Amino acid sequence: MTDYILHLADNALVLGHRNSEWTGHGPILEQDIALSNIALDLIGQSRNLYQYASELIGDGATEDSLAYLRAPEEYRNNLLVEQLNGHWGKTILRQFLFSAYQYPLYELLSEHPDNKLSAIARKSIKEVTYHLRWSSEWVIRLAQGTSLSNGKMKDALNELWPFTNDMLLHSETSIKEKWQNRVDNIFKMAGLVIPKDVEMTTGGREGKHTGHLYKMLEEMQCLQRTYPGMDW
Amino acid sequence: LIVIVSVSEGSATATIMTEKQTILSLLYAVPDPEVPVLTVNDLGIIRDINIISPGKSVEITITPTYSGCPAMDTISMNIKMMLLKNGYRDVIITRVLSPAWTTDWMTESGKDKLKAYGIAPPGKTMQVNADVLFAEPAKVKCPQCNSLNTTLVSEFGSTACKALYKCRDCDEPFDYFKCH
């Protein structure tokens, strides 16, 4: 159970952190703010999950020790969320592929017998609804935009698709189906085609990450590791 | 806020009720750090007041607006400071997530204050649907000129709880405290 909560928390934190790298660099102010808001929601969700995990772990664990003092191999996030931002379209597509998974997952967890977990899921799903709609619309807009934006979305899809199985591997069948249906629907409207015969990379849940997570955590954790216990 | 009285009957109940009212009136004076025209009570985030020891020890239960609302830590501290200043020795702030906060809990006077401040108040909550794309945005009245001829600029505004609109009649951009 603790390992699962950490997995949920790590997904939210890593994607939230990645999105926050856009703050101040977005293509236009409104969308920069939108992605920063999504980053804030995800990091907030991760805090709720880490706080709960730290209660379960005990032994002095805190939300901060879990985020700042675990090694990359101890992180249980999926490979998709740690991938580099790339261009704006790739960031949007990564968000869509993740939100399309997080939405049915939190729907299911809202009914979980564990009261604390279901409360976090119910709280979060209201936010995820916005993320999913926003990213769905932008995937369509960009893929249907100019030949340049369309080409960029196709490239992004080729780059990200190999990491999608890692996310679905351990999921309930109902979630896989809902994810697949949504992806099919949105891609149909966007005119995107799922790449064929792709070699999938997995291992996020077992702590086998791509090099990108190491670099990200090195930067994110450096202050706590250099000055342990440092506070604002 | 519906204050649930946990103590049994008689005069003890009445005393506790009065003390809860007093605490509530103190909380009326604790502003939200991001939208200072609203108090924490206007926002509807105070979920319970539990007197542990009359005049000395109290537990305040609050709920966050959004998971990542950065104001929650400041709000907790401000509530604590207010009660400590008013003679309490022990103030416990408990956070609950369930039931999830909704703008339906915002007070009517809070909505009036928002409008006067230049932020369009939330309407009645509508279920945000992830399946309806490119939907017509909610009709929001301009807080400056009351025109309904307004347009959504972005569903994500300067804080998690706001969207950005623009009035087509008076040309004024404005924040809309979105339904949630």
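**Interface, pocket and chain B**

User: How much area is buried between chain B and chain A, and what share do carbon and sulfur atoms give?
Analyst: Between chain B and chain A, about 2700 Å² is buried, where buried area is the accessible area (1.4 Å probe) that two parts lose on being put together, summed over both. Within chain B, the residues that lose the most area to chain A are B:S67, B:F134 and B:F156, together 27% of what that side buries. The values asked for are about 2700 Å² and 61%.

User: What kind of model is this, and which pLDDT limits apply?
Analyst: Residues are numbered from 1 along each chain as its sequence is written, chains are lettered from A and ligands numbered from 1 in the order written, and side-chain values use heavy atoms, leaving out hydrogens and water. The model is predicted; totals for chains, interfaces and linings use all residues, whereas local features need pLDDT of at least 70 and side-chain atom pairs count only at pLDDT 80 or more.

User: How many residues does each chain bring to the contact?
Analyst: Contact means heavy atoms within 4.5 Å. By that criterion, the contact takes 31 residues from chain A and, from chain B, 30 residues.

User: Is B:P36 buried, partly exposed or exposed, and why?
Analyst: B:P36 sits in the loop between α1 (10–27) and α2 (40–43) of chain B. Leaving aside neighbours within four places in sequence, B:P36 is in contact with B:P31 and B:Y117; B:Y117 is 81 residues away in sequence, yet the C-alpha atoms are 9.6 Å apart. Buried means under 20% relative accessible area and exposed over 50%, with partly exposed in between (1.4 Å probe, protein chains only). Because its relative accessibility is 45%, B:P36 counts as partly exposed.

User: Which helix gives the largest share of the lining of the largest pocket?
Analyst: Helices (H or I, at least four residues) and strands (E, at least two) are DSSP runs, numbered from the N terminus. The lining residues divide into 20 nonpolar, 11 polar and nine charged. With 10 residues, the largest share comes from α2(A).

User: Why is α1(A) described as largely enclosed, and how many of its residues are buried?
Analyst: The 19 residues of α1(A) should span 27 Å at 1.5 Å a residue, and the end C-alpha atoms are 26 Å apart, which agrees. Helix α1(A) is largely enclosed by the rest of the structure because the number of its 19 residues that are buried is 15.

User: What fraction of chain B is buried?
Analyst: Chain B has four helices and seven strands, in the order α-α-β-β-α-β-α-β-β-β-β from the N terminus. Of the 180 residues in chain B, the buried ones make up 44%.

Technical notes:
Ala, Val, Leu, Ile, Met, Phe, Trp, Tyr, Cys and Pro count as nonpolar, Asp, Glu, Lys and Arg as charged, and the others, Gly among them, as polar. The expected span of a helix is 1.5 Å times one less than its number of residues.
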